[in-house]
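Please keep the model open while you read.

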Amino acid sequence: MKTENHYTETDLGNISLNPRGEYDPEAFYEYLDTVSMDGGSYMCLAELGTKITGTPPVPGINTEHWQVLTLPGGLTPEYITMHDEVTEKAKQVEVSRAAVELSQSEIEAMQADVAQLHKDTQDSAQSALASKNQAAGYASAADTSRQAAERAKQDVDAQIPNIDAKLQAALNEIDTTRQSANTAVKKQEELSVQAVKDQTGTYITEQKNLAKQELDEKVNDFGLNVDAIKKQVADEGSKQVEAVRTAGNTAVQEIGTVKSTAVQEVQTEGTAQIEKVSAKGTEQVQAAADTGAQQVQLVKTEGQKQLADVQQAAQEIVADREQINTNKKDISDLKTSDYTDTFFRNFFAMQRTGKKYTVRFPLWETSQVATGEKLDDNTGLIVEASTITEKGRDDYETIPLFRTYDCNVEKIDGKLKITAMKGDVGFDPKEKDTFVLGMPYYHKAWEQDGYLYYSRSDTPHEGYVLCPEARKTDGMRNFCLYGKYVAGRNSQGTLGSYYGVNPTRNLPSYNNNVTEAKKRGDEYCFGSSYDYAYIQTTFLLKYANKNWNNVLGGCFTYSFQYLVSIPESNAKRVVLKKTEADKFLIGSCVIVGDSGDGSKAPDRSAAVAYNLCDSAKIVDIVEVDAENKALVLDIASNITTTATTWVSTIHWESGFSDDILGRDGCPCQTKSQISSMLYPSVIQGIELMVGGYEVPGNTFMDIVDGLTRDVYVCIDSTKLTTNVTTAKETYVKLAKQMTVERNNEWNYGTEIFIDTENGMNIITKAGASGSGTNTGFCDGIYFDAAETGQREFLLLGYLGSWSTCGAFFSSCYYGLGGAGWHVLARLSLNVFRGEFA
């Protein structure tokens with residue numbers, strides 16, 4: 001029996017990148033076709049199911065029809081990462097397509113099994129027909145014998161035994177044939193039923209979830225019609241049942257005819273022979289009827305079971321159809337080159353896993369150690385800092401929750417907009433604000449059984465809250481942004497987050513940060529607690545350690561000021577004693593000034609400290625003679641030095657993270673140099689600890705007494721203010737206070753409050769006996785003795801603060817307007833609660 005295939009073949013088009021060679025203006029291109037042109041390569045963005053022709057790529061520019069893959073010079077790391085992700089998704093789509101084809105093949109195989117059952121039944125009927133013919137033949141022989149008996153009694157007597165023997169042989173053959181047919185049918189029945197059970201059960205069990213998950217984005221294109229499938233299966237089952245029933249009835253009728261004919265023809269030859277044939281015929285009729293009934297029931301039962309399974313799977317697909325339609329629109333949006341909130345919602349949605357990354361640390365009363373333990377999906381993950389020559393192991397760099405990307409953000413037509421990602425043609429970190437972009441996350445902090453726990457996930461779980469930097473007034477922002485660089489000025493004089501600039505000093509303070517932010521717009525904040533809280537908790541999670549200096553360094557022991565040893569005229573270098581020159585680092589920066597006083601080094605805030613050159617990068621250190629070396633400087637104009645010229649270290653220029661072989665580390669040569677605290681740090685691609693404090697512009701302390709302070713945090717950039725009274729009314733007052741054991745000296749942190757709701761982490765207790773640079777939180781907290789007033793936070797540390805500094809450090813003795821050469825800031829958009837374009 002020929003089995004009909006009622007499935008509709010669907011052309012999926014390209015399901016992964018399809019290289020088409022050099023662009024041909026007369027060729028037709030569809031989605032995911034790739035071409036090369038003018039040294040670059042491009043991916044076709046035609047709508048699914050359509051083709052384009054005569055519309056060439058524009059070199060180096062994303063257009064409606066073409067996405068830039070590579071520019072002359074090769075792929076960027078970020079684009080390679082995104083390409084790998086697209087390739088992986090294409091592989092998953094291929095698996096999904098193969099699963100659908102396998103499903104179709106399995107159902108066709110089931111149909112083939114039913115067809116085989118039908119064929120076996122027909123074979124049984126044919127065997128019965130052959131038995132009938134044999135019986136008819138023996139009846140004819142009996143008639144011949146009867147005629148011969150009329151001629152001669154002895155001939156008749158002789159023929160009767162022969163007839164008996166032949167009839168018995170015929171009956172035996174009928175019986176053997178029936179048994180053989182029944183055995184074949186039974187065997188086929190068992191094999192078919194078991195195959196159907198195995199194939200259907202295994203497929204439904206193993207493939208149902210995969211089909212549901214993997215076909216979300218493609219099922220609509222396959223035009224799955226559940227009602228048609230149900231009707232098709234029901235119709236096919238009915239056809240097979242009817243065919244088997246008809247075959248059974250036909251066999252019954254034919255065997256009945258055999259019986260009647262045989263009985264009538266042989267009846268004249270004796271009652272005994274008639275009874276034998278009649279008995280055998282009745283047995284065959286019953287056997288054939290029983291066999292037909294069994295086959296009908298088996299087909300009905302298995303058909304009903306298969307139909308129920310298909311209906312159940314279909315119901316699950318239908319239940320997800322609304323989400324599938326939403327995903328289809330989202331996938332269409334992803335084909336655009338605009339970095340909108342929808343783009344990132346879809347981009348990150350593809351990567352969410354629901355995993356929990358947890359770390360715990362003993363409370364001070366439990367143990368004073370600075371190390372913790374990784375739990376849940378964080379267990380066993382390893383990360384090592386990288387340098388400019390050594391790539392550290394980083395198990396987190398492939399985990400979407402921890403992966404970050406560099407991007408530009410601009411304000412266009414009054415709206416903030418992500419305009420370019422690193423690797424795009426328009427990406428410009430020198431002139432456009434540059435941020436580190438990451439996935440929004442959910443987190444939770446709690447204390448239990450003598451331990452502090454902190455956990456982060458890409459998916460909501462009980463007790464977990466959305467990170468504050470991803471919150472909008474009306475919901476969730478689908479990306480997080482962190483200032484990549486310490487704030488400096490671009491060529492237009494705009495204060496922001498730029499590559500290759502010197503940090504702006506002598507300006508940042510709490511008050512000035514608010515003022516500078518207002519100049520940029522209500523969306524901006526200079527220095528936000530959200531950025532620092534993210535840095536702190538990410539460090540705790542990834543390194544299970546509270547001692548930043550030992551793990552990621554920081555520039556805290558690089559405060560040098562020396563007189564030139566050999567004055568020079570019209571040069572781009574300064575000469576120092578060899579022992580002094582050896583303390584300077586290539587890649588770091590210095591200021592050079594002639595103070596007119598060789599007895600005392602000038603304060604770095606004074607103009608005489610940098611009147612010859614300001615923040616010049618050291619590009620080389622060369623030997624002058626046996627006693628002296630020269631620092632070769634990257635400066636535009638030559639300078640003349642004298643006996644009263646001073647050379648002083650200053651903050652590192654932004655952009656050093658580009659030289660590091662990972663997203664965490666230091667710009668030193670070897671890992672052993674990290675803990676020297678001479679080099680700045682990088683975590684998640686964010687540069688920090690460049691030799692100056694960072695002061696946040698959305699939080700301050702209100703003094704309760706000499707040892708206790710309240711903390712206020714602004715959670716909406718439109719409400720930033722320098723008016724303390726207004727701030728205390730509109731800012732959030734944290735639920736816990738900062739306390740120290742003693743004022744006017746360093747106290748080392750022993751307890752922390754991680755405020756997951758308001759984006760601020762504070763050391764709540766410091767100065768306990770036994771606390772220090774290697775216990776507890778390892779970093780210093782300094783309160784002056786004031787009993788009233790407000791204080792700004794000076795975070796992280798500066799060139800000469802040594803091991804008191806780190807991620808949890810805070811110097812708290814400046815008023816809200818305190819500024820200096822050692823105080824810096826960082827641009828932030830995390831306090832903005834509004835919409836991006």
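**Cysteines, rings and a sheet**

Cys44 is buried, with 0% relative accessible area (buried is under 20%, exposed over 50%, partly exposed in between, with a 1.4 Å probe and protein chains only). This is a predicted model: local features need pLDDT of at least 70, side-chain atom pairs count only at pLDDT 80 or more, and totals for chains, interfaces and linings use all residues. Residues are numbered from 1 along each chain as its sequence is written, and side-chain values use heavy atoms, leaving out hydrogens and water.

**Cysteines**

- A disulfide is a covalent bond between the sulfur atoms of two cysteines.
- With a disulfide taken as a pair of cysteine sulfur atoms within 2.5 Å, the count is zero.
- Cys555 is in no disulfide, and its nearest cysteine sulfur, that of Cys666, is 9.6 Å away.
- Cys555 is buried, at 0% relative accessible area.

**Aromatic rings**

- The structure holds 39 aromatic pairs. Rings of Phe, Tyr and Trp (its six-membered ring) pair if their centres lie within 6.5 Å; planes under 30 degrees apart are stacked, over 60 edge-to-face, and the rest tilted.
- Phe347 and Tyr405 have ring centres 5.9 Å apart and planes at 70°, so this pair is edge-to-face.
- Phe347 lies in helix α6 (residues 341–349) and Tyr405 in strand β7 (residues 404–412), so the pair ties together parts that are 58 residues apart in sequence. Helices (H or I, at least four residues) and strands (E, at least two) are DSSP runs, numbered from the N terminus.
- Phe347 is buried at 9% relative accessible area, and Tyr405 is buried at 4%.
- Phe560 and Tyr562 are stacked, because their planes are at 20°, with centres 6.2 Å apart.
- Phe560 is buried at 17%; Tyr562 is buried at 14%.
- One aromatic cluster includes Phe347, Tyr405, Phe479 and Phe832.

**Charges over rings**

- Lys444 lies over the face of Trp446, 4.6 Å from the ring centre (NZ of Lys or CZ of Arg must be within 6 Å of the ring centre and within 35 degrees of the ring normal).
- The charged end of Lys546 sits over the ring of Phe777, at 4.5 Å from its centre.

**The sheet**

- Five strands form an open sheet with antiparallel pairing, in the order β6-β5-β11-β10-β12. Two strands pair if DSSP finds at least two bridges between them.
- β6 (373–376) and β12 (465–466) are at the edges with a single partner strand each, so one side of each has no neighbour in the sheet.
- Strands β10 (residues 442–448) and β11 (residues 451–457) are antiparallel, paired over seven bridges.
- Gln448 stands opposite Tyr451 in β11.
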